[in-house]
Amino acid sequence: MTQVRERGEYDSAAEAQQVISVVVTCLAERLTSDEASQLGSQLPAEMGDFLKSATGGGQRIGVTEFLRKVGDGTGATERTAEWDASAVLSTIADAVSGGELNDVVTQLPSGYATLFGRPGVSG
């Protein structure tokens, strides 16, 4: 949570936790339940628990729709939602193995790798 708070420049731990909750929940909806669980097992509890308990859906929506859902969940504009998503997803990318990150990006439509701070990664 500390890394997300610093990257996102949030005023409080509670604000960072809310953003983590929304972004990770939106991400979990886009992954199969197995992939969400595998990703969650490599993350600290405040992120991983959301993923490990996800039912998964594998919804293949684009980045624009993903950011809209993040913004709806946090009450943010599209630009702020992109900032929020990047703060959380780039922290996730730093915390997991390269193989796991590739597995995740493979399940997502093009464009998500940039949010993870890894524009060169593709599925």
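I take contact to mean heavy atoms within 4.5 Å. The model I am reading is predicted.

**Entry: helix H2**

I started with H2, residues 13-28. I count 16 residues in this helix. From first C-alpha to last, H2 reaches 22 Å, close to the 22 Å expected at 1.5 Å a residue.

Next I asked which residues of H2 are buried. They are Ala16, Val19, Ile20, Val22, Val23, Val24, Cys26, Leu27 and Ala28.

**Entry: H2 against H4**

The crossing is right-handed. On the H2 side, the contact is made by Gln17, Ile20, Ser21, Val24, Thr25 and Ala28. On the H4 side I noted Glu46, Met47, Phe50 and Leu51. By class, the contact residues divide into six nonpolar, three polar and one charged. Ile20, Val24 and Ala28 of this contact are also among the buried residues of H2.

**Entry: H5 against H6**

I repeated the check for H5 and H6. Their axes come within 9 Å and cross at roughly 100°. That makes H5 roughly perpendicular to H6, because 65 to 115 degrees is the range for that label. H5 contributes Phe66, Leu67, Val70, Gly71 and Thr74 to the contact. H6 contributes Ala81, Glu82, Asp84, Ala85 and Leu89. I sorted these residues into six nonpolar, two polar and two charged.

**Entry: Arg30**

I found Arg30 in the loop between H2 and H3. Is Arg30 buried or exposed? Its relative accessibility is 0%, so Arg30 counts as buried; the cut-off is under 20%. I then listed what Arg30 touches, leaving out residues up to four places away in sequence. The partners are Gly58, Gln59, Ile61, Phe66, Lys69, Gln107, Leu108 and Tyr112. Phe66 also takes part in the contact of H5 with H6. I looked up one C-alpha separation here: Arg30 and Gly58 are 28 residues apart along the chain, and 4.3 Å separates their C-alpha atoms.

**Entry: Gly57**

I placed Gly57 in the loop between H4 and H5. Beyond residues up to four places away in sequence, Gly57 touches Ala28, Glu29 and Leu31. Ala28 is a buried residue of H2 and a member of the H2 contact with H4.

**Entry: Glu9**

I looked up Glu9 in the loop between H1 and H2. Its phi is near 55°, a positive value in a residue other than glycine. With 60% relative accessibility, Glu9 counts as exposed, because the cut-off is over 50%.

**Entry: Gln38**

I located Gln38 in helix H3. Gln38 has a relative accessible area of 39% and is therefore partly exposed. Ala81 is one of the H6 residues in contact with H5.

How values were computed: Residues are numbered from 1 along each chain as its sequence is written. This is a predicted model: local features need pLDDT of at least 70, side-chain atom pairs count only at pLDDT 80 or more; totals for chains, interfaces and linings use all residues. Side-chain values use heavy atoms; hydrogens and water are left out. Helices (H or I, at least four residues) and strands (E, at least two) are DSSP runs, numbered from the N terminus. The expected span of a helix is 1.5 Å times one less than its number of residues. Buried means under 20% relative accessible area, exposed over 50%, partly exposed in between (1.4 Å probe, protein chains only). A crossing is left-handed if the near helix is turned anticlockwise from the far one by less than a right angle, and right-handed if clockwise. Ala, Val, Leu, Ile, Met, Phe, Trp, Tyr, Cys and Pro count as nonpolar, Asp, Glu, Lys and Arg as charged, and the others, Gly among them, as polar. Axes are lines fitted to C-alpha atoms, for helices over the stretch in contact, and angles run from 0 to 180 degrees between N-to-C directions. Angles under 35 degrees count as roughly parallel, over 145 as roughly antiparallel, 65 to 115 as roughly perpendicular and the rest as oblique.
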